[in-house]
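Thanks for coming. Let me put the model up, and then I'll talk through it.

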Amino acid sequence: MEAPGYDFYANEYGGVLIAEEDWRTYAGPAMAYLARLTATCRVTPYAPDGRERAVCAAAEALHGLSEAEGRAAVRSASIGSVSTSYDATRGGAVDLTPKGKAAALLRAVSLYVHVFAGVR
């Protein structure tokens, strides 16, 4: 399966979070994630275009994680005698640990495909 184009993302999926010039940046890794998931689990789309929609959802999740990582870059700040520290693995309410990222991607694609990770 080839990654859905930006036209599908914007018009069929209804996506607005990712700009057209950034689409391939996120669609490629989203496709790789779905391919890896398909290789290790049974993945069944809920609708005929479920896989394409799952790629779009994963791309938006990756975009959101990327945005959250940018916000989590500050680890500490000091003004005069007052200082504070931040957990660099958390981007607000977004869990940026590897386990948290994996969970976010799985939640995103699970809206459009059923993922069975049990015994085949």
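This is a predicted model: local features need pLDDT of at least 70, side-chain atom pairs count only at pLDDT 80 or more; totals for chains, interfaces and linings use all residues.

Residues are numbered from 1 along each chain as its sequence is written, and side-chain values use heavy atoms, with hydrogens and water left out.

Layout. The protein chain has 4 helices and 6 strands. These are DSSP runs, numbered from the N terminus: H or I over at least four residues for helices, E over at least two for strands. Along the sequence the order is α-α-β-α-β-β-β-β-α-β. Take the contacts with a separation of 6 or more: 68% of them join residues 24 or more positions apart. Contact here is heavy atoms within 4.5 Å. Of the 120 residues, 32% are buried. Buried means under 20% relative accessible area, exposed over 50%, partly exposed in between, with a 1.4 Å probe and protein chains only.

Now the core. In soluble globular proteins, nonpolar side chains tend to be buried together. The largest nonpolar core in this model has 26 residues. By nonpolar core I mean a set of buried Ala, Val, Leu, Ile, Met, Phe, Trp, Tyr and Cys residues joined through side-chain atoms within 4.5 Å. Which members touch the most others? Trp-23, Leu-37 and Val-109. Elements giving two or more residues are α1 (6-13), α2 (23-40), α3 (50-71) and α4 (98-109). α2 supplies the largest share, 8 residues. Look at Val-109: beyond four places in sequence, Val-109 contacts Tyr-33, Leu-37, Ala-54 and Ala-58.

Next, helix packing. The axes of α2 and α3 come within 8 Å and cross at roughly 120°. Axes are lines fitted to C-alpha atoms, for helices over the stretch in contact, and angles run from 0 to 180 degrees between N-to-C directions. The pair is therefore oblique. The cut-offs: under 35 degrees is roughly parallel, over 145 roughly antiparallel, 65 to 115 roughly perpendicular, the rest oblique. The α2 and α3 crossing is right-handed. Ala, Val, Leu, Ile, Met, Phe, Trp, Tyr, Cys and Pro count as nonpolar, Asp, Glu, Lys and Arg as charged, and the others, Gly among them, as polar.

Second pair. α3 and α4 pack at about 150°, axes 8 Å apart. Their crossing is right-handed. The contact includes Ala-58, Leu-62 and Glu-69 of α3, with Lys-101, Leu-105 and Val-109 of α4. The classes are 10 nonpolar, no polar and 2 charged.

Last, two residues. Val-43 sits in strand β1, residues 42-45. Is Val-43 buried or exposed? Buried, at 8% relative accessible area. Val-43 touches Leu-34, Leu-37, Thr-38, Arg-51, Val-113 and His-114, leaving out residues up to four places away in sequence. Ala-117 is 74 residues from Val-43 along the chain, yet their C-alpha atoms are 8.7 Å apart.

Cys-41 lies in the loop between α2 and β1. Cys-41 is buried too, at 10% relative accessibility. Its C-alpha is 8.8 Å from that of Val-119, 78 residues apart in sequence.

Note on methods
A crossing is left-handed if the near helix is turned anticlockwise from the far one by less than a right angle, and right-handed if clockwise.
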